[in-house]
Amino acid sequence: MDLSTRRRRTALFLFFLIPGLSISSWVTRTPDIRDQLGASTAEMGLVLFGLSVGSMLGILISGALVARFGTRPVMAVGVALVIVSMVVVGFGALLGSAPTVTAGLFLFGAGMGGGEVAVNIDGAEVEQLIGGTVLPTLHGFFSLGTVVGAAVGILLTATEFPVQWHLTATAVVTAGMFAYAIRSIPPAVGRTKGLRSADGGPAPARSAVWKDRQLLLIGGIILAMALAEGAANDWLPLLMVDGHGVDPALGSAVYAGFAAAMTIGRFSGAFFIDRFGRAPVVRASALSAALGLTLVIFADSPVFAGAAVLFWGLGASLGFPVALSAAGDSGPDSAARVSLVAMIGYIAFLVGPPGLGFLGDHYGLRSAMIVVLAFVAVAVFLAPAIGARRTAQPEVHPAPSAAPDASPDVTRTAGGE
């Protein structure tokens, strides 16, 4: 790996760490924010609706923005919105203004929804450039950020540190990371609109990747595994409290165990993928998540259920990043392929859990999780669609007399293909 690629990979680590730190920072202060707003549970639901609307908007437009401008400006705007949102949410809480907090969460959702798709596209290209596994480790930095941010948030909550200064400090720290990282991201990655082919004519039209059967199967895997992750992020503490009768502190500790298991799984994932291959690792991950979910749903012992959450976390850790890696490596137009499955994954991550809440109101959260278990079980059988990493990229054929720097330019403008 050359120095520029190494710096680029480090920058992507930071681009995953920033939203992890940010989301856990405001989530841990949600009770304080609610109290400062004087909001009821229903009113807080409306405030949080800003996050959902922003996230969906960011996800739906991200692919088109990357195709038009490349990943770098989309990543830059997305992360900048996440950083600004921390200040807006904090001072909205200080002012007791629910509309201001809602606007801040909208900015956060739009920034994360749009920026994260672009970061995943860039990460998939780095994998192809170095011929190694990177995306699980990148997502591991997001999980690491959530663990660190949650620990700091819990500490500051216990000391009654003001919310606005906590979130402002988070914005300052992450802004420094952003300023350092953005310099190492090259331009034009993933850009396809407005480019011209090597002979000076218009670039070939993008392929209709949504017609690719293998890619849709990969999308099914990422849907199931993202739903398993999102369900735990939104409902696990309440699931342990209401479904297994543990106290709230222990329910939060169980969630911390889930986050730690996710982090361990993602940081160790590259070793297992390079050793055993993608499909076996994805199948084992889905089986682990299914085992954990089964015990959480059907075991009446809180001890067994709490321990089973570790299997759930380890299993859910690799499905998302490995599926993204496989999508980028499954054919031409890598950026479009990663964008499609990333959108499927983030929609499942953000839209699925509220649907589970609706089912939980009628049948209980333990019963609602059967839906998640069914999706994860299907992912076990879809695992062969992940396939193996391609060792060659036959669609790129530089002429023998081409200038030494021609091949990297072709690769970059084609999104890594």
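This is a predicted model: local features need pLDDT of at least 70, side-chain atom pairs count only at pLDDT 80 or more; totals for chains, interfaces and linings use all residues.
**View 1. Helices H1 and H7 in contact.** The axes (lines fitted to C-alpha atoms over the stretch in contact) of H1 (residues 3-28) and H7 (residues 163-181) come within 9 Å and cross at roughly 170°. H1 and H7 are therefore roughly antiparallel (angles over 145 degrees, on a scale from 0 to 180 between N-to-C directions). Contact (heavy atoms within 4.5 Å) involves, among others, Leu 14 and Trp 26 of H1 and Met 177 and Phe 178 of H7. Helices here are DSSP runs of H or I, at least four residues.

**View 2. A nonpolar patch on the surface.** Leu 57, Leu 60, Ile 61, Leu 65, Phe 69 and Ile 347 together have about 500 Å² of accessible area (Shrake-Rupley, 1.4 Å probe). Patch residues have over 30% relative accessible area and no salt bridge, with nonpolar side chains joined within 5 Å. Helix H3 (residues 41-69) gives the most, 5 residues.

**View 3. A salt bridge between Arg 8 and Glu 125.** Their side chains meet at 2.4 Å, N to O (cut-off: Lys or Arg side-chain nitrogen within 4 Å of an Asp or Glu carboxyl oxygen). The pair links H1 to H5 (residues 98-130), 117 residues apart.

Definitions and conventions
Residues are numbered from 1 along each chain as its sequence is written. Side-chain values use heavy atoms; hydrogens and water are left out. Helices (H or I, at least four residues) and strands (E, at least two) are DSSP runs, numbered from the N terminus. Angles under 35 degrees count as roughly parallel, over 145 as roughly antiparallel, 65 to 115 as roughly perpendicular and the rest as oblique. Patches are made of residues with over 30% relative accessible area and no salt bridge: like charges are joined within 9 Å, nonpolar side chains (Val, Leu, Ile, Met, Phe, Trp, Tyr) within 5 Å.
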